[in-house]
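Subject: Structure handover

Hello,

Please find the structure below. My notes on it follow.

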Amino acid sequence: MKYLFFALLILSSCGKNIEERLKDPANDPLFYKGDYSGVFMIYEDELKTGGGMMFYASPDNQELDFFYSDDGNKVIRYYWNGGEVFDYNSESYQHNWCGFGLIVGHSWEEAEEVSMDFSGIGYSKLKFKVKGYLSQNTVLKIEGPKKAGSSEVADYIELDSSDISYSWKEFSLPISSSSLKDFNIYVGIIFEATEKGSGGEVFIDSLRFER
Ligand SMILES: [Ca+2]
């Protein structure tokens, strides 16, 4: 049984060599998919999903780092100066929002094609740690799993300047089991602003689904 399991892992992987995989199969999302340990780690020191990311609008006026060193602890750093970004849907520049998604596919070209189904595992929460700064008229929206390109509203939590500081704080977002069926995006991280030149700087770590 064990050998069959590894054989499946090897067959389903292209990017990593076998030795690397055998060293730490627990880092593989497919392992977690079959493992009912109750936690699926999305980001902890690195992106653990095996997938990639995509910006929702153009990456202008933003800085995104998946290996930011916070006193040696690796975290995601996302900064927006509140400047304009190009919205591919409306085909115009705007300063109301920007963001990115952690996707199941490896790049935006695969965003709508590659999906994951966690609906049988029983995850009910998206948990994460966050710290940083938001301008008065800017909010940070963290969205739960969703289908790319869908108009369905994902589960989300909205944090404003009074919710975060430069001390770590943990949040827990309840997620519906239906959102975990055939999703393309694990998590969306979005800044929304009511005025130009706002924005913020946030650090995110220990991003995970829990039962
Ligand atoms: Ca970390």
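Strands are DSSP runs of E with at least two residues, and helices are runs of H or I with at least four residues, both numbered from the N terminus. In that scheme, Phe 183 sits in the loop between strand E11 (169–174) and strand E12 (185–193).

Two points on how to read what follows. The model is predicted, so local features need pLDDT of at least 70 and side-chain atom pairs count only at pLDDT 80 or more, while totals for chains, interfaces and linings use all residues. Residues are numbered from 1 along each chain as its sequence is written.

Phe 183 first. Phe 183 counts as buried because it has 23 C-beta neighbours inside 10 Å; the cut-off for buried is 20 or more other C-beta atoms within 10 Å, exposed means 12 or fewer, partly exposed lies in between, and the C-beta atoms are placed from the backbone. Beyond its neighbours within four places in sequence, Phe 183 is in contact (C-beta atoms, placed from the backbone, within 7 Å) with Ser 115, Met 116, Pro 145, Lys 146 and Lys 147. Lys 146 is 37 residues away along the chain, and its C-alpha atom is 5.0 Å from that of Phe 183.

Next, the sheet. Five strands make up an open antiparallel sheet in the order E2-E7-E12-E9-E10, where two strands pair if DSSP finds at least two bridges between them. Its edges are strand E2 (53–55) and strand E10 (156–159), each of which pairs on one side only. From one strand to the next, the twist averages 15°, taken between the N-to-C directions of lines fitted to C-alpha atoms, on a scale from 0 to 180 degrees. E2 pairs with strand E7 (residues 97–103) over 3 antiparallel bridges, and Met 53 stands opposite Leu 102 in E7.

Strand E8 (residues 125–134) has two antiparallel pairings to look at. With E11 there are 6 bridges, and Lys 129 faces Glu 170 across that pair. With strand E13 (residues 200–210) there are 9 bridges, and Lys 125 is opposite Glu 210.

Last, the core. The largest nonpolar core has 45 residues, and Leu 102, Ile 103 and Ile 185 are among those with the most contacts inside it. Such a core is a set of buried Ala, Val, Leu, Ile, Met, Phe, Trp, Tyr and Cys residues joined through C-beta atoms within 7 Å. E12 gives the most to this core, with 7 residues. Ile 103 touches residues including Met 53, Ala 148 and Ile 185.

Regards

Conventions:
Contact = placed C-beta atoms within 7 Å.
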